Amino acid sequence: MTTIDVMRLELRGITKRFGSLTANDQISITVEPGQIHSLLGENGAGKSTLMNVLFGLLTPDEGEILINGEPVQITNSGDAVRRGLGMVHQHFMLVPVFTVTENVVLGFEPTKSLNRVDYRKATEDILRLSRQFNLDVDPDAVVERLPIGLQQRVEILKALSHDAELLILDEPTAVLTPQEIDALMEIMRSLAAAGKSILFITHKLKEVKAVADVITIIRQGRVVGTAEPTASESELASMMVGRDVELTVHKEPFSPGGDVFEIRDLVVRDERGLAAVNGVSLSVRAGEILALAGVQGNGQTELVEAIAGMRTVESGSITLNGRDITNHSPREVLDAGLGHIPEDRQRDGLVMSMSVADNLVLNTPRRVPFARRGTRDLAAVQAHAVQLIKDFDIRTESPQELVSSLSGGNQQKVIVARELSRALEFLVASQPTRGLDVGSIEYVHRQMVEHRNHGNAALVVSSELDEVLALGDRIAVMYAGKISGVVDPSTSRETIGLLMTGTKVEQPHD
Amino acid sequence: MTDATPVRLHRRLGAQLTSQHPIVVTIFALILGFIVGAIIIITTTASVLDAWRGIFHSWGAPGHAIRLTFDNVGAAYRTMFTGSVVDPNSFWDSLTTGKNWSVTLTPISETLTYATPLVIVSTGVGIAFQTGIFNIGANGQAVLGGIAGGVVATMVHLPMVIHLPLALLAGLAGGMLAGSVPGILKAFTGAHEVIVTIMLNYVVYAFLLFAVLSTPFQQPGQQNDISRTFDGSAQLPPLFGTASGLRVSYGVLVAAVVVVFAWWFLDRSSLGFDFRVTGANPSAAKASGISARSVVVMVFLISGGLAGLAGFVQAASTTHQIDGGFLIGNAGIGFTAITIALLGRNRPMGILWSSLLFAALGVGGRAMQSQTGIPLDLATVIQSVIVLFVATPVLVKEIFRLRAAPVATIKLATQGWGS
């Protein structure tokens, strides 16, 4: 196989329009060999469109792609792979029951006589690449038994085995623990040292600063500037959002009251009948945000669903203000004063085909003044919506706009507005800023802290360590259905990271 | 309150422009339905086909073929119209002479008579659809409603002011009873409503035969499968009196009440809101504290109740008795209701128009059959083609090149306001 040893990728004036919307407007980027080039931008800034253009899935309206100075036409993803581009997707494209080797060769199997797959050669290739870049992957391991961080390395291996000279990493850290993120950064550095180019797409400022050589910031489809990794986080954030952003939330001094919410020895089973929550005890006091950290899939989802009355509790108890709400219906739990910002907002939090106004009363449609004697008062619903749209700065044309036409951030604002505008005893927020841009994250955080400053209690479940540290007055870490530790927010990221992997750590609190 | 007016105005304009789109598709689907009907008329009428075969035989032949085609298709659709709405000549005669109004109005009266139960049953099916429930059992529910209403109409003897409402309520209750079975089974065991309702239809049909062949309900002195005649006090009387000769009955008022109720229920009632949330997103409904169980049971009670009411209205305004073939086979209004609800996009006003269209096609088709010899089934084909095209809007957009341009204009137009 002939390979290009190094790659200099140049995008010149790429423009892509969808009807009246210009998703990419004259974007020019050059990725030098051995460079880690970070593409920083909010959701909807045009990063995905650009990658789809680069991978031949979309044809640009204007502009050209140059590889080592030569203009190339990329018409499909096979083309892109042949030209030495490798993509590591946000959601892994692996067959879970196959081994690492089988996954890596899939679609490009090296063959020996009689068209048999040459696994030995494949395994050797993988071992060689794995050693060369310190990937540390066992070629014979079955993918589904590997931790997420290693699965991601399999994706990287797969790209490398196709002789990729330029790797595109699309939001690669979203699913990783802090330790895994550090390891990934190391790998990225060693790949760059070996002359590979890396296009690192993200919206996380810390990571960009840690690993990038050059940072290109795009906003609303345009390149708004480049920055050195020495730039401060707030400089980067304000370029990304287009205005000054407060990255730290101002919190009143912590002065907790009595216990408002308590969980004792909770056991909850998931769909497969396994104890996803296995003996969890927690308590939250008035005026306190308890942040629940942990890598996704360690029982947080089931825990929150059990609290919200959406999943059956097998044993243990949940009490709100001394009242037992274990296994109460969602209606009873809501009426008891529980606010719930669900993890999957489009599935559990909103009805996309209904208006903003209707969504703002989604779980209180029968309350006075929204309805009387079974008849809805649409004027009251409308007035309520007008008020909340103003108070919570929801960007919508009108209260009658369908919620599906709002941006993700504004959809989340609808939920936050609905929950925080009710008289709440306790708020449970699950991944409240997932998929939101910096501006919306700032906003949601401020709302929740304000809620807490008024003496309210909240449980915030998040797999984002930054969020956990920004919001939590105390931090509980969940691992494999259990609480592996409850720590102070001054605790180091490393310690919390270790707790997230279930490692026992000396804890001052327990 | 200061900005209430512009908001409302904007909402109305926006809503109209966006809803314009499905209506445009529906109109084009109608046109396509009639085009397909025309093709079928051409290809099945021997004289027209012969004329087309002979177009190369003489200079005048192509013209003759075209003329013959238009004559035949024109005659078919003309009789369909005059047979279901009004014959303009007859209308003019009546207007100038003041006579024969009953003849002139008979077609529209018949269409309304057929449409009445369709409106009621389809509204019930539409409400179920909006809740995400596929009520295939509307026909069985209508039959049981007819039996229940019929029993009250024949066994009880009361003054009309009490008797007729009581019989209508009995019809409603009969449908609710039939609807409660799949509702309760789905709510508490998860049994799929499509399976249960289909099976239950056969149970009800068997019960119908049993009822009309059993002593108290069967017409005395009859061996046939036919019921007693309803008491006069439990019949829906003709709207313009018996002397008018027009069959259209007070049932149309029942249908009107049902349409208004359905509009209020879906748009204004709290329970209707629960229904719509459940239909649009069951997960969010659950998280918002809506009990899926009670919604399922309630929707089957309402949907079944309306079907039952339709069954009794049908019998009480036309035959005044029930036989073993009541609503069986082609007369199965509960099945037609599924397509009508689909055509009307499950909205009360849409269902009203769709029911009128279907009734007109059926009544007009009969007129066409008797006057031109083209079989009634053509009307069914047209109905089916219309629904087919409505169900596949993409196809219609493709055929009529409605694609991007109008869609974009509509979207832009609405986006321009209120910002």
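Modeller: Let's start with chain B. Among its contacts between residues at least 6 apart in sequence, 74% join residues at least 24 apart. Two residues are in contact if their C-beta atoms, placed from the backbone, lie within 7 Å.

Colleague: What are the ground rules here?

Modeller: This is a predicted model: local features need pLDDT of at least 70, side-chain atom pairs count only at pLDDT 80 or more, and totals for chains, interfaces and linings use all residues. Residues are numbered from 1 along each chain as its sequence is written, while chains are lettered from A and ligands numbered from 1 in the order in which they are written.

Colleague: What are the ipTM and pTM scores?

Modeller: ipTM is 0.82 and pTM is 0.79.

Colleague: And what pLDDT does chain B average?

Modeller: 87, with 89% of the residues at 70 or above. pLDDT is the predictor's confidence in each residue, from 0 to 100.

Colleague: Where in chain B does pLDDT stay under 50?

Modeller: Residues 403-419 of chain B are one such stretch, with 18 contacts beyond four places in sequence. Where pLDDT is low, the predicted coordinates should not be read in detail.

Colleague: How many helices and strands does chain B have?

Modeller: 17 helices and zero strands. Helices (H or I, at least four residues) and strands (E, at least two) are DSSP runs, numbered from the N terminus.

Colleague: Switching to chain A. What's the strand order in the open sheet of six strands?

Modeller: S6-S7-S8-S3-S9-S10 of chain A, with mixed pairing. Strands pair if DSSP finds at least two bridges between them. S6 (85-88) and S10 (222-227) of chain A each have a single partner strand, so one side of each has no neighbour in the sheet.

Colleague: How do S6(A) and S7(A) run, parallel or antiparallel?

Modeller: Parallel, joined by four bridges. Val88(A) has Leu169(A) in S7(A) as its bridge partner.

Colleague: Pro60(A): buried or exposed?

Modeller: Pro60(A) is buried, because 21 other C-beta atoms lie within 10 Å. The cut-offs are 20 or more for buried, 12 or fewer for exposed, and partly exposed in between, with C-beta atoms placed from the backbone. Pro60(A) sits in the loop between helix H1 (47-54) and strand S4 (62-67) of chain A.

Colleague: Which residues is Pro60(A) in contact with, leaving aside neighbours within four places in sequence?

Modeller: Ile14(A), Thr15(A), Lys16(A) and Val53(A). Lys16(A) is 44 residues from Pro60(A) in sequence, yet 5.0 Å away in space, C-alpha to C-alpha.
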